[in-house]
Amino acid sequence: MTKPSIATLLSERILFLDGAMGTLIQRKKLVDADYHGERFAAHAVPLKGNNDLLTLTRPEVIRELHDLYLTAGSDIIETNTFNANRFSQADYGLEELVFELNIEGAKLARAAADAASTPEKPRYVAGVLGPLNKTLSLSPDVENPGYRAVTFEEVVETYELAVRGLHEGGADLLLIETIFDTLNAKAAI
């Protein structure tokens, strides 16, 4: 099915974006074992709270949430990739999964969007680029205001890896979300 461009649809009507994925995940009352799944059962670091990892360990949960938003009328659903970046995944010792998390997050959302699409109501996928837990504008060291934990180039690289995965997985557009640092946003762009 050939879909009209998002720009075309926006010139005709308001498009609805889904809601908060994290809130719905919390309602599931998942435990650490759900996040570890079989694949990461031996991973020594606690993984509860790494919602992006559920795309790999409990994809049926994420698909159900996508389907809920689509059933409610969302035109655009977001990928479950809010923290699928090198810096955030380092907290869990899973930096090597960044590309996989983004590509699989986009594929999962793409499958849900395609299944719900009709010629009258096409559905789209927004690849989410969430904030980083590192900032370019502020020093993490109050004694050294000029210090930065990361460089602009490192931030660009981490977003670039995520974007490549989201694109390859089938995202229609990118959503730079919950940015609190405009320099980080510039790196994402």
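Select helix 7 and helix 8 together: their axes come within 7 Å of each other and cross at roughly 30 degrees. Helices here are DSSP runs of H or I with at least four residues, strands are runs of E with at least two, and both are numbered from the N terminus. Axes are lines fitted to C-alpha atoms, for helices over the stretch in contact, and angles between N-to-C directions run from 0 to 180 degrees. Helix 7 and helix 8 are therefore roughly parallel to each other; angles under 35 degrees receive that label, those over 145 count as roughly antiparallel, 65 to 115 as roughly perpendicular, and the rest as oblique.

The model is predicted: local features require pLDDT of at least 70 and side-chain atom pairs count only at pLDDT 80 or more, while totals for chains, interfaces and linings use all residues. Residues are numbered from 1 along each chain as its sequence is written, and side-chain values use heavy atoms, with hydrogens and water left out.

Now display the side chains between these two helices. On the helix 7 side, the contact includes Val-98, Phe-99 and Ile-103, and on the helix 8 side it includes Leu-161, Ala-162 and Leu-166; contact means heavy atoms within 4.5 Å. The residues of this contact divide into seven nonpolar, three polar and four charged. In this classification, Ala, Val, Leu, Ile, Met, Phe, Trp, Tyr, Cys and Pro are nonpolar, Asp, Glu, Lys and Arg are charged, and the others, Gly among them, are polar.

Helix 5 passes helix 7 in a right-handed crossing. Among the residues that meet there are Pro-59, Ile-62 and Leu-70 in helix 5, and Leu-108 and Ala-112 in helix 7. By class, this contact has 10 nonpolar, one polar and two charged residues.

Three strands form an open sheet in the order 1-2-3 with parallel pairing, two strands being paired if DSSP finds at least two bridges between them. Its edges are strand 1 (76–78) and strand 3 (173–176), each pairing on one side only. From one strand to the next, the twist averages 35 degrees. Helix 7 (residues 98–116) packs on this sheet, touching strand 1 and strand 2, and its direction makes about 155 degrees with that of strand 2. Helix 8 (residues 152–169) lies across strand 2 and strand 3, at about 165 degrees to strand 2.

Finally, show the whole protein, which has nine helices and three strands.

Methods. Left-handed = near helix turned anticlockwise from the far one by under 90°.
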